[in-house]
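Trainee: I have the viewer open and a notebook ready. Could we walk through this one together, question by question?

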Amino acid sequence: MDKILEAVVMSSYPNNVKQGLVRRVIEAAKQPMDSEQCWSMLELSTKLYLTGDTKYKREIGKEVLEVYGHYHPEEFEEFFNVRFLLSLLQEGYGPLGKRSHYVLDYIQLGLQFVLESPSANSIFSLLRIEVLRKVCERPSPKQCAKISKLLMQHPQCIPTGKHQLLFCQQLIRCIGQFQCVSEGEEEIMEFLEQVNKVSGLLQRIWRTQTSAILPSLKELFTIISSTEEQEVPSNALASVVQFVPLELMDGVIRNLTNDDSITDVQMMMAIGRMIDWVSWPLGKNIDKWIIALLKGLAAVKKFSILIEVTLSKIEKVFSKLLYPIVREGALSVLQYMLLSFQHSHEAFHLLLPHIPRLVASLKKEDSNSATSSLEQLAELIHCMFFRFSGFPDLYEPVLEAVKALPIPNEDRIKHLLGQNAWTSQKNELACFYPRLASKSETGKIGLINLGNTCYMNSIIQSLFMASDFRHSVLNLTEGNSQPLMTKLQWLFAFLEHSQRPAISPESFLSASWPPWFTPGAQQDCSEYLKYLLDR
């Protein structure tokens, strides 16, 4: 019968003709049959399933295996033995260089027919060892997903005892090396499905063995904090964190931020890579873990790490607001990064060129997600305007972009800024940005030197200190006939009312700069004053 089936399958007949002949062979297989004939059919069906070069051949192999598993259980158990499975797992099936990729699928298919057999425990024991060996060899995402599918369906094959913890750690190592090699939509969706199957297996193990969670997280942190990795760990690691119970968060973060064995460089590497996880779609609670670690670092006054990570990652986080699938998490992280970065305008100003484009894109999208994000973004922007008010010329395009959106009241702004600050003690951040730490005790505001511009700064301060002149300038009605006077009026207004210790007169310099002056060179203040008064 095996010869007949093989001849039919390999023939050039149309598939519908083949199907009728195959159906008759399969029906005949349901009748009593001697062991030799059963083995021949099982060997053929195994060959078709594992090395068939078309989906049709593999389907025939699968159908025949299932029939013999149901109707000839003794012969199937004898065929599907430990030695055969060990050979499949360690040596593969098929000619060298063309080993079958379906071995794990084949084993999963066959296991259902031997679960109650005397050999079942021996097979489970073998598979517990072999799946551990497999993950230690760093299989592809596809093969890892097949291992996970097998173990989810047959949890008896999951490694136990100390091997279970090792298995979890090695599985996380595998995920850390996953990469999607294609940019096609179908391939990306398939990759995401594979990752979810693997991380889902970890969740399955952690549910029954909670003692494995913390050592697994320690392995994860080792991977993302490594400064020696040749390749950047995969963002697929975000899929692991989503399954960690949130009630463990406080303890995990406390242990990390108070661990003296973790260097600042390692911590910076880890939090930077975690922030990259905001681009991982379908991940849950990723933003909560990122924000918790940022808050933990603030609690132990690791301000240098927070500053460097914020400045290096904030633009990337902001760019993710364009994508609805990751927008909610990215916005949460962005809000905390901006509202906590209160000692300097630097982080906010990195985003200024990008804000109008994003606002326009969200308005065009016209979805509930986009509308909600626009309102939250506008609130965030107004908080930053309030905190860093000394740059009207820079803020003008942003103000124009958000002018139609709701403006939070001052109490709301103060609440948000107070709630998210790294520290309530301003002097703790003074060493990082001394000129921006707080307003001078004299109540006077300085002008930032823009590179040998003390000639201009001294003239502006002298004019400002001439009280009658200052009041006359500030009381002028704004008009377009004297644009330079308007800029001086703005500058005087900030010198009079700003809470910042110093402001940048860059806009005024560009408007009042004598054309024959050499940029960056020292100049005569009286010459500058004469030109300014003439203007």
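What follows is a conversation about a predicted model, moving from helix packing to single residues.

Trainee: Let's begin with helix 2 and helix 4: are they roughly parallel or antiparallel to each other?
Mentor: Good place to start. Their axes come within 11 Å and cross at roughly 15°. Angles under 35 degrees count as roughly parallel, so helix 2 and helix 4 are roughly parallel.

Trainee: And which residues of helix 4 does helix 2 meet there?
Mentor: Helix 2 passes helix 4 in a right-handed crossing. From helix 2 come Asn-15, Lys-18, Gln-19, Val-22, Arg-23 and Ile-26. On the helix 4 side they meet Tyr-56, Ile-60, Glu-63, Val-64 and Val-67.

Trainee: How far is Glu-63 from Ser-45, C-alpha to C-alpha?
Mentor: Along the chain, Glu-63 and Ser-45 are 18 residues apart.

Trainee: Moving on to helix 8, what span does it reach from its first C-alpha to its last?
Mentor: Helix 8 covers residues 120–136, which is 17 residues. At 1.5 Å a residue, 24 Å is expected. The model comes close to that, with a span of 25 Å.

Trainee: Which helices are included in what covers the buried residues of helix 8?
Mentor: The buried residues are Ala-120, Ile-123, Phe-124, Leu-126, Leu-127, Glu-130, Val-131, Leu-132 and Val-135. Their cover includes helix 6 (82–91), helix 7 (103–111), helix 9 (141–153) and helix 10 (162–175).

Trainee: Which residue just after helix 8 takes a positive phi?
Mentor: Most residues other than glycine have a negative phi. Just after helix 8, a positive phi of about 55° is taken by Arg-138.

Trainee: Now for helix 15 and helix 16: are they roughly parallel or antiparallel?
Mentor: They pack at an angle of about 150°, with their axes 9 Å apart. Over 145 degrees counts as roughly antiparallel, so helix 15 is, relative to helix 16, roughly antiparallel.

Trainee: Which residues of helix 16 make that contact with helix 15?
Mentor: The crossing of helix 15 and helix 16 is left-handed. Helix 15 brings Met-267, Ile-271, Met-274 and Ile-275. Helix 16 answers with Trp-289, Ile-290, Leu-293, Leu-294 and Leu-297.

Trainee: How are helix 16 and helix 18 arranged, roughly parallel or antiparallel?
Mentor: Their axes come within 9 Å and cross at roughly 15°, in a right-handed crossing. Helix 16 contributes Asp-287, Ile-290, Ile-291, Leu-294, Lys-295 and Ala-298, and helix 18 contributes Gly-329, Ser-332, Val-333, Tyr-336 and Met-337. With an angle under 35 degrees, helix 16 and helix 18 are therefore roughly parallel.

Trainee: On which residue is the kink in helix 17 centred?
Mentor: Helix 17 spans residues 303–319 and reaches 24 Å from its first C-alpha to its last, close to the expected 24 Å. Its buried residues, among them Phe-303, Ile-305 and Lys-313, pack against helices including helix 15, helix 16 and helix 18. The kink is about 45° and is centred on Lys-313.

Trainee: Last one: where is Asp-366, and is that residue buried or exposed?
Mentor: Asp-366 has a phi near 55°, a positive value in a residue other than glycine. Its place is the loop between helix 20 and helix 21.

Key. Residues are numbered from 1 along each chain as its sequence is written. This is a predicted model: local features need pLDDT of at least 70, side-chain atom pairs count only at pLDDT 80 or more; totals for chains, interfaces and linings use all residues. Side-chain values use heavy atoms; hydrogens and water are left out. Helices (H or I, at least four residues) and strands (E, at least two) are DSSP runs, numbered from the N terminus. The expected span of a helix is 1.5 Å times one less than its number of residues. The bend at a residue is the angle between axes fitted to the seven residues ending there and the seven starting there. Buried means under 20% relative accessible area, exposed over 50%, partly exposed in between (1.4 Å probe, protein chains only). Contact means heavy atoms within 4.5 Å. Axes are lines fitted to C-alpha atoms, for helices over the stretch in contact, and angles run from 0 to 180 degrees between N-to-C directions. Angles under 35 degrees count as roughly parallel, over 145 as roughly antiparallel, 65 to 115 as roughly perpendicular and the rest as oblique. A crossing is left-handed if the near helix is turned anticlockwise from the far one by less than a right angle, and right-handed if clockwise.
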